[in-house]
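Hi,

Here is the structure I promised to pass on. Have a look at it first, and my notes on what turned up follow below.

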Amino acid sequence: MPQEMTFGEALLEAIDEVAEKDPRIVMFNPSFAGEAGHAKLAALRKKYAARIKYPPIAEIGFCGVAIGAAMAGLRPIVDISTATFSYEAIAQIVNEAAIAHSNSGGLTSAPVTFYLKFGIRGGGGVQHSGSPQSWYWNTPGLQVVMPSTPADAKGLMRTVLLKSKDPTIFFGHDRLLDDKGMVPDGAYEIPLGKADVKRAGKDVTIIALSIQVPRALAAAEILAKEGIDAEVIDPRTLQPLDKPALLASVKKTGRVVITDESPDNCGVAAGLAAIIADEGFASLRAPIKRVSIPPVPVPYAVPQEDYVTPLAGRIAEVARALCR
Amino acid sequence: MLPDIPRERQLGILRKMLMIRRAEEHCIRFNEEHTGLLRGHFHVYIGQEATGVSVCDWLNPDDYVFTTHRNHGHVIAKGGDPKKVLAEIIGRATGYCQGRAGTFHVAAPGVGIIHTSAIVGGCLALAGGTAYAAQVKGEKAITVVFFGDGAMEEGVFYETVNIAKLWNLPLIFWMENNYRRAGGRGAGNAALELTNIPKALDVETTVIDGIDVGTVHKTAKSIVERVRGGQGPLFVEARTHLWPGNAFNMPKLIGGVTDIAWAWDAGKAPEKVRDWHKDHDPILNYVRELESAGMSRAELAKIDAEVSKEADAAAQFALNSPLPAAEDAVKYAFAGEGN
Ligand SMILES: Cc1ncc(C[n+]2csc(CCOP(=O)(O)OP(=O)(O)O)c2C)c(N)n1
Ligand SMILES: [Mg+2]
């Protein structure tokens, strides 16, 4: 029987299922849960106490330790908590974990999973509202996973923990953690690099990941009332990326809006736009449009924070203009 | 003990500490009594007022101070305007940073707090930088960096102490040990005495009771004089006790606002906070000492009433202040032509 659970609970379930069978799974500071998942989190912490460490506030140290442990055969999951704290560790993640496989001519790999709670959470201020997905996507050697639903979160986390041979940055948006959704029964995996059409449509494609998926779906509802039929497609992972699915959708609609909660400059939307321009130009009937964060550190004040957040209204507005 | 200074100056310290307490009680009430004023979480300085205020009592306006996620108290201690602090905490256009920074990052360049980071250890090296700049420019200004025990777990602490010692920087490492790392679990530091870490780099350390104004004030005087005199970086650990309202994700006024009469009638304080106010509250401790030194309860209560009134007005100012314009969100990414 499929079960309703939150995004955080789905992650915990995936971790529990895999850790139960694989003693190589160790965890640093598992928190994942959001508000709703507290009981499940407490149970996980108790069950795996022997395989859990709560490290000091020493991100570059404990991330490096996890990377080294992965190179030596463990499969660590590191909950960095707020994504911006990973900046303290970036030298180890980017300069060491990401390059190990290539640099060793394929002899060494570092299958560590970093979990980052990212995004504009509401009143976090600039240092608790970071969206570094494009930085990590810009780093060859890192897998980048950004699910939007509890079911996808569970299936993708299982895949990463069971099969991944590489370092993975797994993004959970702060505002998604307590969102509920139906999760299929039992063990299942969702392969990396497989997009999912969250809403089929024929007039305009909206490409969205993570928190932008519910926002894009809300935008599609607004547009539907105006007679515009939007398709919402979720790549779910940036690296690897399901290019064929994105290009097929653009081919069908001829118009594309790409939305992501990272800054415009060299952001996720910019990277995806470049691919579509390169490989899907012939399908386009209108310019490719981006809806993301303007290039400014996220301000704290409520109206300004809302202004820079790529909410449904802005997505709908841009898509509408394309269809005129 | 009372600091060995004239009564007026002693009372100035009391007023500052009370102002921090009252302003932060308003901050908590913003969260408890309104919806949507504070969207995120926040931290308060309650219980640590004696250290920030006593240190800043020896600083000049052009001395630099750096603080943390727990910054409200330091900003007021260094001479910041409570109106602008409270306005910043709720993201108003009249706040120190026009509402862009919020509770985590209140900075007040006009009083020497030029940047505030909520990243643990985020300002340690920057403090080395202002100390270095003063040294290069031949200025007398010194830098004090306030940070928590948790920040000593970050590598940047070691790196900065090392640089400061090698370059003989006019920098005070002022660690406020509240025996807590917000949201933390498990062991923090392998060094049981945290002072062993700077000691390993030959930086002199002092450990004091951070609740006693007299002790902190006296220590700060000599440390400030020595660092200003070119005796290089020094390290102080000021020990405080966690205020019970801080034992949650978000601070809570679990005993209501502090009543100054609890100083002489501890039994009146709600049970949940009674022992803390009796033994560990730097403000009530100071009030008791002032009373022993001859001040009447009525005089002390009058000072509190005056400060409270000013804090109430500051809170009203913040609440009545306009929000910044939404479109201005995109301003300020660059000082120059970057836009
Ligand atoms: C680099 C980084 N890691 C983690 C955090 C989350 N965090 C915020 S406050 C805090 C504890 C800090 O402890 P301490 O420095 O002792 O300050 P206190 O809150 O006790 O005053 C932590 C871990 C952070 N803000 N920055
Ligand atoms: Mg602490």
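Between them, chain B and chain A bury about 2700 Å², and 57% of that lies on carbon and sulfur atoms. Bear in mind that this is a predicted model. Chain B puts 37 residues into the contact, and chain A puts in 33. The rule finds two salt bridges across the interface of chain B and chain A.

Helix 1 (residues 7-21) of chain A packs against helix 7 (residues 150-163) of chain A at an angle of about 30°, and their axes are 8 Å apart. Angles under 35 degrees count as roughly parallel, so that is what helix 1 of chain A is to helix 7 of chain A. Their crossing is right-handed. Among the residues that meet there are A:Phe7, A:Leu11 and A:Ile15 from helix 1 of chain A, and A:Met157 and A:Leu161 from helix 7 of chain A. By type, this contact has eleven nonpolar residues, no polar ones and four charged ones.

Then there's helix 8 (residues 212-225) of chain A with helix 12 (residues 312-323) of chain A: the angle is about 55° and the axes are 8 Å apart. That makes helix 8 of chain A and helix 12 of chain A oblique to each other. This contact splits into nine nonpolar residues, one polar and two charged. The residues taking part include A:Arg215 and A:Ile222 in helix 8 of chain A, and A:Ile315 and A:Arg320 in helix 12 of chain A.

Cheers

Terms used: Residues numbered from 1 in each chain as written. Chains lettered and ligands numbered in written order. Predicted model: local features only at pLDDT ≥ 70, side-chain atom pairs only at ≥ 80, totals over all residues. Heavy atoms only, no water. Axes fitted to C-alpha atoms, helices over the stretch in contact; angles between N-to-C directions. Helix = DSSP H or I, 4+ residues; strand = E, 2+ residues; numbered from the N terminus. Parallel < 35°, antiparallel > 145°, perpendicular 65-115°, else oblique. Left-handed = near helix turned anticlockwise from the far one by under 90°. Contact = heavy atoms within 4.5 Å. Nonpolar A, V, L, I, M, F, W, Y, C, P; charged D, E, K, R; others polar. Buried area = accessible area lost by both parts, 1.4 Å probe. Salt bridge = Lys/Arg side-chain N within 4 Å of Asp/Glu carboxyl O.
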